Amino acid sequence: MAKELLKGNIAMAEAAIRAGLEGYFGYPITPQTELLEWMAERMPALGRAFLQAESEVAAINMLYGAACTGARVMTSSSSPGISLMMEGISYIAGTEVPVVIIDVVRGGPGLGNIAPSQGDYDQIVHGGGHGDYHPIVLAPASVQEAIDLVVLAFDLAEKYRTIVFVMADGNIGQMMEPAELPPMRPIKSEYPDWAVRGAMGRERRILSSIYIDPKDEEVTNYRLMQVWNQIQANEVRYREYFLDDAEYVVIGFGTAGRIALSAARMARAEGIKVGLLRPITLSPFPAPQIESLVSRVKGILVVEMNAGQMLNDVQKVVKGRVPVEFYGRMGGMVPFPDEILAEMRRMSQEVIPLDGDPRQRWMKRFAPVIHWNN
Amino acid sequence: METTLAAQIVYQRPQSLTEAAMHYCPGCTHGIAHRLIAEVMDEMSIRERAIGVAPVGCSVFAYNYFDCDFVEAAHGRAPAMATGIKRLLPDRVVFTYQGDGDLASIGMGEIVHAAGRGENISVFFINNAIYGMTSGQMAPTTLPGQKTTSSPRGRDVETMGYPLRMAELLSNLDGAGYVVRRSLHDPKNIRMAKKAIRLAFETQLRGLGFSMVELLSTCSTNWGLSPLESLKWLEEHMIPYYPIGDFKVAEALKEIKV
Ligand SMILES: Cc1ncc(C[n+]2csc(CCOP(=O)(O)OP(=O)(O)O)c2C)c(N)n1
Ligand code: SF4
Ligand SMILES: [Mg+2]
């Protein structure tokens, strides 16, 4: 199939359809609404289920029910809507049914704004719903990658009976880029042996997240952790750029990672040996890859469109063995490459302390940059 | 040896119920409601096509008692979950079983919109005027003046508002095909309730939209009454506030004789 000029939200929607999506449930919210609108047009035309729910609470519970039938199902939303879905997300995790959820993250907290952000990292990667569960979280940095990751998301969800998030930001959802869609896959014809589809000629099946005896709930939690261990061992994904001879490494995902790549190229042109590690799976986190960098590089710069949510995970790996700096934009602000370049220059010139809090240092440096009077 | 007086089975466990002993309190009408639904499932031969959605409330374990596929919803979300199932599997018979806290309080949004959409599901709504499972707090259906653990001096409508009549409320929606209220306090009413359950499933099979049977029920344990006193209390106090009746019956249903 040839490349076409595609908008991120629509590309993700069509990719899901071509991956054999059977049901979509959602509620309008900027900056992901085009995704829902594409589904509204395409799904009924293909004889598949589309429903605009009355709220994200209803959407996630419709998704939960639909997932119990063993079909490929999906919802999408943006940050405030994802917050509202957390109850259902925890139930889905506890019932071990596969779903795909796309979050086109926007500025927050609260109603915030509709500009691109990465402020949902913690609420998605580190839970948000109650109990111990770990979804897989995929973070695309281009429209093409968004397409590929949506397709992968369904395969991973089914393989591990888990929740897979595609965490894009408003930028990925809204921008247009040339990209290639996958061929149309047929809808599946066989359903898993746990699927609730009516007890025709077989024993009844029950899908539930209740284990009223704590002993059973503990066993379930243990099993969930075993699956999570497998996911951690097998599913870490990332992209690396110029790492071979890098003296400094930038770590950033999604749009922040993409802008950091431009900055790294500019730094290289100036003779600063900068490389980039761009996590594609935020969960499982590419901790082993970061570990292998610790002994090789002079410093690590974490760049995010939030106040350093992934920074915590990087620091957990680095454990103060090599200097870590942080640069973030918040509330829907997107960094320019030269802002990140300035941080790279500074890192290569100054002595960065091993101790102290990179977030506090960033706040001090950053205060004069903020548009206080706007 | 053959006897002349051949034993004849006149009453037995419906096939659609499992052999599991129910956990409900003595005198609780949840068991009666289960049995009626199961009898109707047998009579209509829909057990193998049925998918139930259990609520959060005393009937949280309903799936242990029905011998059909089942899922367990979050508190109040059964209509949304049922919607997801029905949209993927339109030829299955999908029903929810919900208490009054579940349906009329935390799940108000989901039930209203399921009815409004004319979602082809059947809802069995157990109105016992109280939160049974959490041991007796005020429900949206608790009667004015009724004492509960969270309205210890009786429900004061000035501060706690008025009870909700769900059947009447939902019957106003165009998507509703069949919405009635019945009671489980005596044999005559139980027979009427069974017919209504049948009609609710018929509504779904005919694609006539949303169907709900509200069933007035008892909770002796949290009402602090004996099972017998409870049946009386239901009749004397609940029925005047929650009249038994048909609030919406689609034209196409009116010819059906059950
Ligand atoms: C989100 C959430 N809030 C509160 C509860 C606690 N809770 C469990 S059952 C229940 C009330 C159930 O009452 P009702 O629906 O009337 O059912 P009954 O037990 O009377 O049959 C409540 C408040 C819960 N499980 N989940
Ligand atoms: S607490 Fe009430 S509703 Fe629950 S089982 Fe006992 S009598 Fe029935
Ligand atoms: Mg109740």
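**How many residue pairs are in polar contact between chain B and chain A, both at pLDDT 80 or more?**

This is a predicted model, where local features need pLDDT of at least 70, side-chain atom pairs count only at pLDDT 80 or more, and totals for chains, interfaces and linings use all residues. Residues are numbered from 1 along each chain as its sequence is written, chains are lettered from A and ligands numbered from 1 in the order in which they are written, and side-chain values use heavy atoms, with hydrogens and water left out.

**Exercise 1. Describe the interface between chain B and chain A.**

*Solution.* 

Step 1. Start with the polar contacts. There are 15 such residue pairs between chain B and chain A, both at pLDDT 80 or more. A polar contact is a pair of N or O atoms within 3.5 Å; within protein, one must be able to donate a hydrogen and the other to accept it, and residues adjacent in sequence count only if both atoms are side-chain atoms.

Step 2. Find the elements involved. Strand E1 (50–54), strand E2 (69–72), helix H2 (78–88) and helix H4 (108–116) of chain B each supply at least two residues of the side that touches chain A. H2(B) gives the most, with seven residues. Helices (H or I, at least four residues) and strands (E, at least two) are DSSP runs, numbered from the N terminus.

Step 3. Sort the residues. The side of chain B that touches chain A has 16 nonpolar, seven polar and eleven charged residues. Here Ala, Val, Leu, Ile, Met, Phe, Trp, Tyr, Cys and Pro count as nonpolar, Asp, Glu, Lys and Arg as charged, and the others, Gly among them, as polar.

Step 4. Count the contact residues. Chain B gives 34 residues and chain A gives 36 residues. Contact means heavy atoms within 4.5 Å.

Step 5. Take the area. About 2,700 Å² is buried between chain B and chain A, and carbon and sulfur atoms give 63% of it. Buried area is the accessible area (1.4 Å probe) that two parts lose on being put together, summed over both. In chain B, the residues that lose the most area to chain A are B:Glu48, B:Asp69 and B:Leu88, together 22% of what that side buries.

Step 6. Chain B and chain A share four salt bridges. A salt bridge is a side-chain nitrogen of Lys or Arg within 4 Å of a carboxyl oxygen of Asp or Glu. A:Glu54 pairs with B:Arg117 in a salt bridge, with the closest N and O atoms 2.9 Å apart.

**Exercise 2. Which residues hold the protein donors of the magnesium ion (ligand 3)?**

*Solution.* 

Step 1. List the donors. They are B:Asp100 (OD), B:Asn128 (OD1) and B:Ile130 (O), lying 2.0 to 2.2 Å from the magnesium ion. Donors are N, O and S atoms within 2.8 Å of the metal (3.2 Å for Na, K and Ca); water is not among the atoms, so sites may look incomplete.

Step 2. Read the spacing. Along the chain, the donors follow D-x27-N-x1-I.

Step 3. Locate two of them. B:Asp100 lies in helix H3 (residues 100–106) of chain B and B:Asn128 in the loop between strand E4 (122–127) and helix H5 (157–160) of chain B, so the pair ties together parts that are 28 residues apart in sequence.
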